[in-house]
Amino acid sequence: MKLDILAIGVHPDDVELCCSGALINEIKAGKKVGIVDLTQGELGTRGTIETRYEEAANAAQIMGVAIRENLKMRDGFFKNDEEHQLKLIKALRKYKPEIVLGNVMADRHPDHGRAGHLINDSCFLSGLAKIETFDDEGRPQEKWRPKYFFQYLQDWYHEPELIIDVTDAFDLKMQAIDAY
């Protein structure tokens, strides 16, 4: 499934907290949008893996995203290494997004910054033909590089270079956050 925009978050709820308003705006404008969560949020203080999946599915339905997938990397312990890059490259090639939204590269939570670097590196590497990945049926995937990677803010303040008015999407954004 070809997506216009793919939002990638470390934990289920990162996308809702940080960029769901922008996604809702784009969905309302007719764009095909998806979400990939890197981890299942298993180290979170409240809830379980099962509750995270239920909450993520409810939030995705509220926002109207076309797909939501979880790559099941280890919360707190994933790395920006070949193994994890290949998992993300496979997803990027599967969905072929023009735009990727992901975690900023420096943040209070170590997972967020590490994910920002993982996403950035994987977006570049996914465009290299000599990196081989295979779809779920074992067929070789074609190279694909998103045109843009935009980073969303979470905990630490960074001077934004792009600000999107989400006033018209604010109520739905809050409903998606409340799903958690």
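Mentor: Let us start with a definition: two strands pair if DSSP finds at least two bridges between them. Please keep in mind that this is a predicted model.

Trainee: In β5, which residue is the bridge partner of L101?

Mentor: Strand β4 covers residues 99-103 and strand β5 covers residues 148-152. The two pair in the parallel sense over 5 bridges, and N103 stands opposite Y152 in β5. For L101, the bridge partner in β5 is F150.

Trainee: In what order do the 5 strands of the open sheet lie?

Mentor: Strands of a sheet pair through backbone hydrogen bonds, either parallel or antiparallel. Here the pairing is parallel and the sheet is open. Its order is β3-β2-β1-β4-β5.

Trainee: Which are the edge strands, and what is the average twist from one strand to the next?

Mentor: An edge strand here pairs on one side only, as β3 (67-73) and β5 do. From one strand to the next, the twist averages 20°.

Trainee: Are the rings of Y148 and F150 stacked or edge-to-face?

Mentor: A pair of aromatic rings is described by the distance of the centres and the angle of the planes. The structure holds 1 aromatic pair. In the pair of Y148 and F150, the centres are 5.6 Å apart and the planes are at 10°. Planes under 30 degrees apart count as stacked, so the pair is stacked.

Trainee: Is Y148 buried, partly exposed or exposed?

Mentor: Buried means under 20% relative accessible area, and exposed means over 50%. The relative accessibility of Y148 is 48%.

Trainee: Which residue lies over the face of F124, and at what distance from the ring centre?

Mentor: Two such arrangements may be described. R114 lies over the face of F78, at 4.5 Å from the ring centre. For F124, the residue is R145, and the distance from the ring centre is 4.3 Å.

Conventions. Residues are numbered from 1 along each chain as its sequence is written. This is a predicted model: local features need pLDDT of at least 70, side-chain atom pairs count only at pLDDT 80 or more; totals for chains, interfaces and linings use all residues. Side-chain values use heavy atoms; hydrogens and water are left out. Helices (H or I, at least four residues) and strands (E, at least two) are DSSP runs, numbered from the N terminus. Axes are lines fitted to C-alpha atoms, for helices over the stretch in contact, and angles run from 0 to 180 degrees between N-to-C directions. Rings of Phe, Tyr and Trp (its six-membered ring) pair if their centres lie within 6.5 Å; planes under 30 degrees apart count as stacked, over 60 as edge-to-face and the rest as tilted. Buried means under 20% relative accessible area, exposed over 50%, partly exposed in between (1.4 Å probe, protein chains only). A charge sits over a ring if NZ of Lys or CZ of Arg is within 6 Å of the ring centre and within 35 degrees of the ring normal.
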